[in-house]
Amino acid sequence: QNVYMQLTMSITSMGHTRTMKMKTWAQGRKKSFVKTIYPPKEKGITFLSLDNQMWQYVPKIERIIKIPPSMMLQNWMGSDITNDDMVKQSSIVEDYDAKIIKKEEKIATIELTPKEDAAVVWGKIISRIDLDTYTSQKDLFYDEEGSIVRIFTYKDVKKYGKYYSPTVWKISPANKPGQYTEILLENIKYDINISSQYFRKSALKRFSR
C-alpha cells in the first residue's frame with residue numbers, strides 16, 4: 001500500500017535534544033523515499049530505499065552516496081534507528097517466523113525468530129500486539145546471544161481511514177540510560193497516489209530542493 005507521512009524526530013542524548021522534521025513516501029514494502037525539511041543545515045538531505053538497498057543525497061556536497069551493507073547497522077541521522085530499520089522496516093514479515101507465546105485479553109505477545117536464510121541482524125524480536133487495532137505496543141530487539149539491545153514503545157493509536165497507527169514512537173537503546181529517540185507522526189495518508197518518480201535514483205537530487 002502507498003503511504004505518505006510527515007514526522008518530527010527528537011533525539012535525546014547526554015541531556016541534549018535535537019529535533020528534525022521529515023517527509024516520507026512509501027510504496028509497498030520495498031520502496032521508500034525520505035526528505036529532511038528541518039533543521040536548515042540538514043534540509044534537503046534525501047534517502048531512497050529500493051529492495052534492501054539505500055542511497056543518500058547530501059546537498060552540501062552535491063553527492064549521491066550508496067550506503068554499503070557494512071554501514072546498515074550505523075545509526076540513521078544520529079538517531080537510535082539504524083539504516084537497516086529504514087530499509088527493512090516492513091520485511092520483518094518475510095524474514096522472521098512468528099509464534100504466539102502468550103495471549104492475554106486483548107494483547108498477544110509474539111516471538112519473531114529469523115528464518116534460516118534471512119539476512120537479518122536480530123537474534124529475535126518480542127512484540128506485544130493490541131488485538132483491537134493490530135498495532136504493536138512494544139517491540140524488544142535481542143542480539144544473537146539473547147541480550148536485549150533496544151526497546152520500541154508505541155502510543156497514541158489513531159485511525160486513518162481503515163488503518164490504525166500509533167503516532168508516538170520511542171526507541172531506547174538498552175545499554176545507554178537517558179538516551180532515546182522519539183518520533184511523532186503528525187500527518188499520515190494511506191492509499192494515495194504517489195508518483196513513481198519518487199522511487200528512482202534521480203529523485204534524490206530532484207526532490208531535494
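Leaving aside neighbours within four places in sequence, the residues in contact with Thr46 are Phe33, Val34, Lys35, Trp55, Gln56, Tyr57, Leu204, Phe207 and Ser208. The model described here is predicted.

Thr46 belongs to strand β4, which covers residues 46-50. Its relative accessibility is 0%, and because buried means under 20%, Thr46 counts as buried. A polar atom of the Thr46 side chain lies 2.8 Å from the backbone oxygen of Leu204; Leu204 is also among the contacts of Thr46 listed above.

**Strand pairing**

The pairings treated in this report are collected below.

| Strands | Sense | Bridges |
|---|---|---|
| β1 (residues 2-13) and β2 (residues 16-27) | antiparallel | 12 bridges |
| β2 and β3 (residues 31-38) | antiparallel | 7 bridges |
| β7 (residues 96-103) and β8 | antiparallel | 7 bridges |
| β8 and β9 (residues 124-130) | antiparallel | 6 bridges |

Strands β1 and β2 form a hairpin with 2 residues between them, and Met14 in the turn has a positive phi of about 50°. Within this pair, Thr12 stands opposite Thr17 of β2. Strand β2 also forms a hairpin with β3, where 3 residues separate the strands and Gly28 takes a positive phi near 60°. Here Thr24 is placed opposite Val34 of β3. Val34 is also one of the residues in contact with Thr46.

Strand β8 (residues 107-114) is largely enclosed by the rest of the structure, because 6 of its 8 residues are buried. It forms a hairpin with β7, with 3 residues between the two strands, and Glu111 in β8 is the bridge partner of Lys99. Strand β8 also pairs with β9, where Ile125 is the bridge partner of Leu112.

**The second largest pocket**

The second largest pocket has a volume of about 240 Å³. Its lining consists of 14 residues, and those nearest its centre are Asn75, Thr82, Trp122, Val149 and Arg150. By class, the lining comprises 6 nonpolar, 4 polar and 4 charged residues. Strands β11 (148-160) and β12 (163-173) each supply at least two lining residues. The largest share, 3 residues, comes from β12.

Notes:
Residues numbered from 1 in each chain as written. Predicted model: local features only at pLDDT ≥ 70, side-chain atom pairs only at ≥ 80, totals over all residues. Heavy atoms only, no water. Helix = DSSP H or I, 4+ residues; strand = E, 2+ residues; numbered from the N terminus. Buried < 20%, exposed > 50% of the residue type's maximum accessible area, 1.4 Å probe, protein only. Polar contact = N/O pair within 3.5 Å; in protein donor to acceptor, adjacent residues only side chain to side chain. Contact = heavy atoms within 4.5 Å. Pairing = 2+ DSSP bridges. 1 Å grid on protein atoms, 1.4 Å probe; cavity = no way out; pocket = protein on both sides within 12 Å on 5 of 7 lines; lining within 4 Å. Points joined across faces, edges and corners; volume = space filled by probe spheres on them. Nonpolar A, V, L, I, M, F, W, Y, C, P; charged D, E, K, R; others polar.
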